Amino acid sequence: MWFKPLKPVSIKDSTLTLEVPTDFFREYLEDLYLDVLKKTLRRVIGADAKLVYKVRPVKVQPAMEYPASHGSIPVNKPVTVNTYPTEGNPGPFVFPGLKKIQINPRLNPVYCFSNMIEGECNRMGVTAGISISDAPGGTPFNPLFIFGGPGLGKTHLAQAIGIAIKEKFPDKVVLYVTGNEFKTQYMDAVSVRNKLVDFLAFYMKIEVLIIDDIQDLLGPGSQNALFNVFNHLHENGMQLIFTSDRAPADLQNFEERMLSRLKWGLSVELQNPTYQTRLEMLRARSFREGVRISDEVLVYLATRIKSNFRELEGALISLIAHATLVHKEITVELAEQVTGKIVGEEENNLTIDKVQKTVCEYFNITRDTLLSKSRKRQIVQARQIAMYMSRNLVGCSLSTIGAELGGKDHATVLYACTTVEDLMSTDRNFRQYVTDIENMLVPAK
């Protein structure tokens, strides 16, 4: 019933294309037999084998093509955890009980390497991630710390590593949690007697621990718990992966001993995607949705939206949904209408160079003076404001700002930003300087 109607269309570059009668047929086939199909293709074609479905909903219309989904994530093996009774304190005469538990890896199969577009913005992270997936815990990249602005693919990359590890090493116990979830679990554990011991015992059984948005892990208690978990896992050769919206050195309210461990392995910064990477992402996502979109429209979107993958993907999905609901053809005109509501009428063309020029113009100084080592009060304040604006309005990393403003290190830039914020709250004249310069930059934004 499910295999006889399949028609082989082509096989090219390890990709097999099968024609199926309907989209419902494709979805049912995926639910029941995707694992069988993939295992068979890998055995016959090789490890790079891919499957594509071709659906012809109406004979007079061109067929649509869909890639096979990634499938399900292998489950973790049951682990045995020591548990203590809640009515007494652990001591020499209180023995733990053994409890077998099943840990859900909490990985999204969509966030796999095959769905990730590699470019200059993330190449180092992808390369390191593939190395880690080949030998988790056995590379110098432990821990791996991934940081960057919102929507640049930190969660995707972290989960892709976890998925690749589960595929290559099914017996590895992998767990993905957010920093906020870890903190909440810790707070729940300390409120019940002996549950903190169980909490630590649970996390010390994990072999690949992924913590997303670690900047949310505030509070000395939860950080102390992570410190103990980190030490145990690292000493036993387990893999640790963290993501954050800022570099380890820029994390606020973190204990120094925890920061030093986060800097222990490899820190990778994800940058804004280039035009070519944005275009490739749009092509790949429209293919995943089974929608034919002209290159003219994709080029428009890639040119119009430059900030991050999330905003770009959101614009594409909104465009597809709009065209589907109102039964319109996807054109550049429709794309203009949809993206105008998402990114506004004007693009953000601010750069560090524009910030520097505006600051120099306001204080009537030259760029060389701004970048000099002069300690004159006006020059120092102008330099600090330029750093503050570059971070808050342009969104550059501290290391990039420091390199552009006279080769300063990230600590100097962070100090400058903090100083500007403090002065704005205490010095009315200084606050006026910042407001005036920001108003001069707003039209460009």
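In this predicted model, the buried residue Lys38 has no salt bridge. The side chain of opposite charge nearest to Lys38 belongs to Glu167, at a distance of 6.4 Å.

**The chain as a whole**

- The protein chain has 445 residues, of which 43% count as buried.
- Its secondary structure consists of 17 helices and 11 strands.
- The C-alpha trace spans about 80 × 75 × 35 Å along its principal axes.
- Of the contacts between residues at least 6 apart in sequence, 71% join residues at least 24 apart.

**A buried lysine**

- Lys38 belongs to helix α1, which covers residues 23-44.
- When neighbours within four places in sequence are set aside, Lys38 is in contact with Ala68, Ser69, His70 and Gly71.
- A salt bridge requires a side-chain nitrogen of Lys or Arg within 4 Å of a carboxyl oxygen of Asp or Glu. The distance from Lys38 to the Glu167 side chain is 6.4 Å.

**Cysteines**

- A disulfide is a covalent bond between the sulfur atoms of two cysteines.
- The count of disulfides in this model is 0.
- Cys121 is buried, with a relative accessible area of 4%, and Cys360 is buried as well, with a value of 7%.

**Packing of two helices**

- Two packed helices are described by the angle between their axes and the distance between the axes.
- Helix α5 (residues 195-203) packs against helix α6 (residues 220-235) at an angle of about 35°, and their axes are 9 Å apart.
- The crossing of these two helices, α5 and α6, is right-handed.
- On the α5 side the contact is made by Phe199, Leu200 and Tyr203, and on the α6 side by Ala225, Val229 and Leu233.

**A buried leucine in a strand**

- Leu209 is part of strand β9, residues 208-212.
- Leu209 is buried, with a relative accessible area of 0%.
- Apart from neighbours within four places in sequence, the contacts of Leu209 are Leu175, Tyr203, Val229, Leu233, Gln239, Leu240 and Ile241. Among them, Tyr203 takes part in the helix contact from α5, and Val229 and Leu233 take part from α6.
- Leu209 and Thr184 are 25 residues apart in sequence, and their C-alpha atoms are 17 Å apart in space.

**Loops and backbone details**

- Asn122 is located in the loop between β6 (97-101) and α2 (123-134).
- Asn122 is buried, with a relative accessible area of 4%, and it touches Met116, Ile117 and Leu270 when residues up to four places away in sequence are not counted.
- Arg106 also lies in the loop between β6 and α2. Its phi is near 60°, a positive value in a residue other than glycine, and Arg106 is partly exposed at 35% relative accessible area.
- Asp13 is placed in the loop between β1 (7-12) and β2 (15-20). Phi of Asp13 is positive, near 50°, in a residue other than glycine, and Asp13 counts as exposed at 69% relative accessibility.
- The peptide bond from Asn142 to Pro143 is cis, with omega near 5°. Pro143 lies in the loop between α2 and β7 (144-147).

**Salt bridges**

- The whole structure contains 14 salt bridges.
- One of them joins the side chains of Lys168 and Asp134, at 2.6 Å from N to O. Lys168 lies in helix α3 (residues 154-168) and Asp134 in helix α2, so this pair ties together parts that are 34 residues apart in sequence.
- Both partners are partly exposed: Lys168 has a relative accessible area of 42%, and Asp134 has one of 46%.
- Glu280 and Arg283 form a salt bridge at 3.1 Å, N to O. Both lie in helix α8 (residues 275-288), 3 residues apart, which is about one turn of the helix.
- Glu280 counts as partly exposed at 32% relative accessibility, and Arg283 is partly exposed at 31%.
- The side chains of Arg257 and Glu255 meet in a salt bridge at 2.9 Å, N to O.
- Arg257 is partly exposed at 33%, as is Glu255 at 26%.
- Glu118, Glu120 and Arg123 are linked in a network of salt bridges.

Notes. Residues numbered from 1 in each chain as written. Predicted model: local features only at pLDDT ≥ 70, side-chain atom pairs only at ≥ 80, totals over all residues. Heavy atoms only, no water. Disulfide = S-S within 2.5 Å. Buried < 20%, exposed > 50% of the residue type's maximum accessible area, 1.4 Å probe, protein only. Helix = DSSP H or I, 4+ residues; strand = E, 2+ residues; numbered from the N terminus. Lys, Arg positive; Asp, Glu negative; His and termini not counted. Contact = heavy atoms within 4.5 Å. Axes fitted to C-alpha atoms, helices over the stretch in contact; angles between N-to-C directions. Left-handed = near helix turned anticlockwise from the far one by under 90°.
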